[in-house]
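Trainee: Could you take me through one part of this structure closely, the place where the two chains meet, and then show me what lies around that part? I would like one connected picture that I can follow by eye.

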Amino acid sequence: METADLTHHISRRFNEDLEKVRNQVLQMGGFVEQQLHKAITALVEGDSRLGESVATDDYKVNGMEVSIDEECSRILAIRAPAAGDLRVIVAIIKTITDLERIGDEGEKIGYIASRLATMERPADKYREVKHLGRQVAQMVHDALDAFARMDSQAALKTAREDKMVDEEYESIHRQCITFMMEDPRTIRRALEIMWIVRALERIGDHAKNICEYVIYMVHGKDIRHTSLEDVAKQIDAAHASSRG
Amino acid sequence: MVAMWTFALARLAGILLLGLCVGLLVGPVWLWILAAACLYLGWQLLTLYRLDRWLRLRSQIDPPVLGGIWGDIVAQVVRLHRRKQFHKQRLVQLFRELRRSTAALPDGVIILSPQREIVWFNRQAARLLGLKRPVDVGLRIDNLIRSPEFVLYLHGDDYAMPLVIRPPVQLDLYLALQLVPYGGGQSLLLVRDVTRQMRLEAMRKDFVANASHELRTPLTVISGYLDTLADDATIDPAWSGPIKDMRAQAHRMNAIIADLLVLSRLESTDGEAPRDAIDVPSMLERMHRDALASAERPRQVLLELESEDGLFGSGHELESAFTNVLVNGMKYTPAEGTVRMRWWMDAEGAYFSVIDSGIGIPPEHIPRLTERFYRVDAGRSRGQGGSGLGLAIVKHALQRHGGWLDVQSTEGKGSTFTCHFPRARIWQQTVRAAESA
């Protein structure tokens, strides 16, 4: 399963089923990405209506998760896939859970953004939060690209970025504390911002999870709770052996 | 050619004759003839072998030097080969040129298979959409460009207009994507960077909105003073005429600015209108009463309600659209004429028509009626007042409801303005009855 080689089945229907469910996952991913972008835009531009629309649209993400889940169960029941195909299905079931959580965090950000829109905006116009938001959105995007291309190297690279997101989160955290100590009037806003950056940090973690499922899907190795350096060595070894 | 074949035949005959002669001189004749024939055959086979060897290893060894018929065949093969080589080179060159030119195109080009898989893309497409070569060839395009609008566009069947999206990799860009289907189910996806146009458009909209706002304040002061002056009895009566004119013009400017603001608000709100349930029949009845109460109206203003259903939409926008259509109809109808409002439905959707018995519109003006400040007859309509923006507002308001404006007119007899609404926007009376019950 080095590449997106889903075409070797005797049963054409099975291929179509697998391909269809994979497409559905990526479509769900596309929608979640859009939700995230909208939520961040709503915060930065102080657009309360956009924030609300993100919050009210979250039910669509949930609906997609349920329908993909059902499709996966159906494939498992009817086709009883083995080896690489089984890994694809397992990875898909896990990926959609994380996507759904990203959707939930996006909903939270949208909701808080619509509330913050009615308050006075800070002088820096949430520059740091915007930066973190872009970083996280890029991570989600790269994770989904890696999923589409079945590219374990890109997945590993994206998973590594989670560390940077965590650092950024720490620094905004400290900044918020400083603001609150300097001027108690900002406490309310700073607390809301903390919720948002917390949500963004969580989204980064979910994106990292998706990357791990991609590596699992491609190499059949479960790399959760393993250090990324070890994973890199294993993947390189796998690549070398597949080439040699 | 004939000479060559004759020569070859003569040579064969000569050899056989030689065999015959030697046979006649020494020993059995047939044996010698056979020997001569074998010799000839052996020589031919040797030549064939050399030819075959050359054909197989053509690129490494020079053509064999063969006389007669064989030499001619070698020459022909060489000529054929040269011609083929020449054509091949020309094709390769042409193909390279073609590929280089598409690669250098300022627009992105992606070739898609019938299954919407990527077959080929140029450098600009890779740069704008973040595609990678060669891993992305064979992947479905909607797996990589996952924006829900694009997925909808790709699986729809209306490719007449390009779709503008913000690319996932560079958020500050705007890209226009257009699918161009061609033979065999394949299609071409064109990607164009329209950031500049979008920015200019946004600047234009902002400018109109800001300018209108800025003009409004000074105008309020002017018309306020003019109102006071008009009521002031101590002013020289010679001034009352000019003051009245100034006041009327100030009012007109106010109306224009109000319309400009409505229009810029309609333009700047993206997407579809909200889906509030609007009771259109009651709205029209109210408009009818207002029209009957106005001073300058045609003798007959009628309302025909053929349906009790309403619409899902924005009440404010629908009212301003309907009012503008009605006011437009009344303005161009003489005092003794008739204006008829009609609200009706059929299987395709809902319609609001205003039918007047006015002066009519020459056909060449009809397509341009909804342009801003477009006047069919400059002198007349300015005399009638009005901002020149009414029908533009109608067009935009209808667009936001998925509808459009249709204009039929006969010069001298009157015009019919019809607002079309799609079925999906109809708010059914039966549902309303069930709700209230």
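Mentor: Happy to; here is the part you asked about, followed by its surroundings.

This is a predicted model, in which local features need pLDDT of at least 70 and side-chain atom pairs count only at pLDDT 80 or more, while totals for chains, interfaces and linings use all residues. Residues are numbered from 1 along each chain as its sequence is written, and chains are lettered from A and ligands numbered from 1 in the order in which they are written.

Let's begin where the chains touch: 15 residues of chain A are in contact with eleven residues of chain B (in contact means C-beta atoms, placed from the backbone, within 7 Å). On the chain A side, the elements giving two or more residues are helix 1 (12-45) and helix 4 (127-149) (helices are DSSP runs of H or I with at least four residues, strands are runs of E with at least two, and both are numbered from the N terminus). Helix 1 of chain A supplies the largest share, eight residues. By class, this side of chain A has five nonpolar, six polar and four charged residues (Ala, Val, Leu, Ile, Met, Phe, Trp, Tyr, Cys and Pro count as nonpolar, Asp, Glu, Lys and Arg as charged, and the others, Gly among them, as polar).

Leaving aside neighbours within four places in sequence, A:Cys211 is in contact with residues including A:Ala143, A:Ala146 and A:Leu156.

A:Lys60 counts as partly exposed because it has 15 C-beta neighbours inside 10 Å. A:Lys60 and A:Met28 are 32 residues apart in sequence and 9.0 Å apart in space, C-alpha to C-alpha.

Finally, chain B itself has 13 helices and 13 strands, and 21% of its 437 residues count as buried.

Terms used. Contact = placed C-beta atoms within 7 Å. Buried ≥ 20, exposed ≤ 12 C-beta atoms within 10 Å, placed from the backbone.
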